[in-house]
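Dear colleague,

Please find below the structure that I am handing over to you, followed by an account of what was found in it.

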Amino acid sequence: MAVRGQEIGLAVIGCGPIGRIRAELARDYPGVGWLGVCDIHEDLATELARDAHADFSTTDAAELLARPEVNAVIIATQESAHVGPVMQALEYGHRLFIEKPLAVDVRDSEKVAKAIERAGVDAVMGYTQRFRRRFLTVKERLVQGQIGDVTAVCARAMLNRTIAEMCLSRANQHDTTTPVVISGTHILDMCLWLMEGRSPVSVYAHSTDHIFGSAGSKDSTFAIIEMDDGSMLSLNHSWAAPHVWPGAVYGMQVGIIGDRGVIDIEDMHRDLVLASEIPQGAGYKKDNVEAFPRHVDFLTSIPFGENAVGQFWGPVREETNSWFQRLYMGQETPHTTTREGHLNLLLCMAIDLSAKRGDKLVLPLETDDFYR
Ligand SMILES: NC(=O)c1ccc[n+]([C@@H]2O[C@H](COP(=O)([O-])OP(=O)(O)OC[C@H]3O[C@@H](n4cnc5c(N)ncnc54)[C@H](O)[C@@H]3O)[C@@H](O)[C@H]2O)c1
């Protein structure tokens, strides 16, 4: 029988939808002995503390992190607000689970990745798609060499426009709130994980900005990435599909070409369709975004999961519980490390830079190259 670790004393910083889901899962995990929640909006913290039966609630992250019960932290603040709480948590040596991306700026991401390495803490990131059975089984087949050596991967992801509107409405830096940095990072992480062992050596990309250009962002970005073993990744990503697109959030297609076989992943969620005269919600509705009435919905296209019969089901449940097992049972888990998360951010930024300059870029870039 595995030896149990120390009881988890968990701090959840950021009580939006994602922090809420993870805190409620913590409430149901027997190894979590203490739970504290924090949001700068007091009402969100108080409501979540009530619903997740938390032991402590505050609007001040420093106060929560300094509590003697805390030994692990989930950073579930919005994309541009991860750095501050991560650096604060590191002062106490707490183990970390950080939502993606690590930061929205290359220097910040580097600062955080280095600080985590220096502190020697176990820190992982929220790349939830890795926890879906279909991708785990593909990963295992590749590790077993069942299609030989991978020579090319062709990946496409498409999102309903609602997510872009929501992310841009809460961002303070729109030129780095791009489709690739915010949502393309999920499919990029998936492809790099499936192609593990290879490093990117060049990128050429192109973007369009017909819809979100006026907001300082992009609509769609297509990139060709060359790897150090001569294999290549084609990554096509768009977060500008019209509101009527029936995929509530994320749909992917990934073709993996090996020298002895092929794996073709169809993940657009077209296999579970609801059509109704009654308008459906946006899928990931937030108060700051008006829900566009959709009459057709690809069910299960919300990438993190959803509530059904009184509980939350889906990949975020698998991912969060797996992290608790990592902490409490000392199990190895397939989470994205913060080093991988940092490399994901660098490649996302390099894709955007290539699209901006219209040039093929040789990788890796120096940090200063991103600011020239
Ligand atoms: N894993 C997934 O599938 C998935 C899905 C959606 C979003 N995300 C990621 O999860 C994160 C959170 O997303 P969300 O939609 O819940 O965001 P949100 O903006 O709704 O919630 C974030 C909360 O953090 C709070 N906050 C900000 N700074 C704070 C601070 N210093 N101290 C305390 N509270 C603070 C805000 O007040 C807000 O309530 C983002 O990084 C997002 O990209 C992951």
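Of the 28 residues around the ligand, those that come nearest are Gly14, Gly16, Ile18, Gln78 and Glu99; a residue counts as near a molecule or strand if its C-beta atom, placed from the backbone, lies within 6 Å of it. Two elements, α1 (17-27) and α4 (83-90), each give two or more residues to this shell, and α1 supplies the largest share, 3 residues. Divided by class, the shell around the ligand holds 14 nonpolar, 9 polar and 5 charged residues. In this division Ala, Val, Leu, Ile, Met, Phe, Trp, Tyr, Cys and Pro are nonpolar, Asp, Glu, Lys and Arg are charged, and the others, Gly among them, are polar.

Please note that this is a predicted model, in which local features need pLDDT of at least 70 and side-chain atom pairs count only at pLDDT 80 or more, while totals for chains, interfaces and linings use all residues. Residues are numbered from 1 along each chain as its sequence is written.

As to the overall fold, the chain contains 10 helices and 18 strands; helices (H or I, at least four residues) and strands (E, at least two) are DSSP runs, numbered from the N terminus. The radius of gyration of the chain is 20 Å, close to the 21 Å given by the globule rule for 372 residues, so the chain is as compact as a globular protein of that length. This radius is taken over C-alpha atoms, and the globule rule is 2.2 Å times the number of residues to the power 0.38. Along the principal axes, the C-alpha atoms fill a box of roughly 55 × 50 × 45 Å.

I turn next to the packing of helices. Two packed helices are described by the angle between their axes and the distance between the axes. Axes are lines fitted to C-alpha atoms, for helices over the stretch in contact, and angles run from 0 to 180 degrees between N-to-C directions. Angles under 35 degrees count as roughly parallel, over 145 as roughly antiparallel, 65 to 115 as roughly perpendicular and the rest as oblique.

Helix α5 (residues 106-119) and helix α10 (residues 338-357) have axes that come within 10 Å and cross at roughly 165 degrees. This makes α5 roughly antiparallel to α10. Their crossing is left-handed, a term used when the near helix is turned anticlockwise from the far one by less than a right angle, with right-handed used if clockwise. Val106, Ser109, Glu110, Ala113 and Ile116 of α5 meet Thr338, Arg339, His342, Leu345, Leu346 and Met349 of α10, where contact requires C-beta atoms, placed from the backbone, to lie within 7 Å. The contact of α5 with α10 has 6 nonpolar, 3 polar and 2 charged residues.

Helix α5 also packs with α4, at an angle of about 15 degrees and with the axes 10 Å apart. These two helices are therefore roughly parallel to each other, and α4 passes α5 in a left-handed crossing. Val83, Val86, Met87 and Leu90 of α4 make the contact with Asp108, Val112, Ala115, Ile116 and Ala119 of α5. By class, the contact of α4 with α5 comprises 8 nonpolar, no polar and 1 charged residues.

A further pair is helix α6 (residues 133-143) and helix α8 (residues 179-194), whose axes lie 10 Å apart at an angle of about 25 degrees. Helices α6 and α8 are therefore roughly parallel to each other.

Finally, some backbone features deserve a look. The peptide bond from Lys100 to Pro101 is cis, with omega near -10 degrees, and Pro101 is placed in the loop between β5 (95-99) and α5. Leu363 and Pro364 are also joined by a cis peptide bond, with omega about 0 degrees; Pro364 is found in the segment after β18 (361-362).

With kind regards

Terms used
Two residues are in contact if their C-beta atoms, placed from the backbone, lie within 7 Å.
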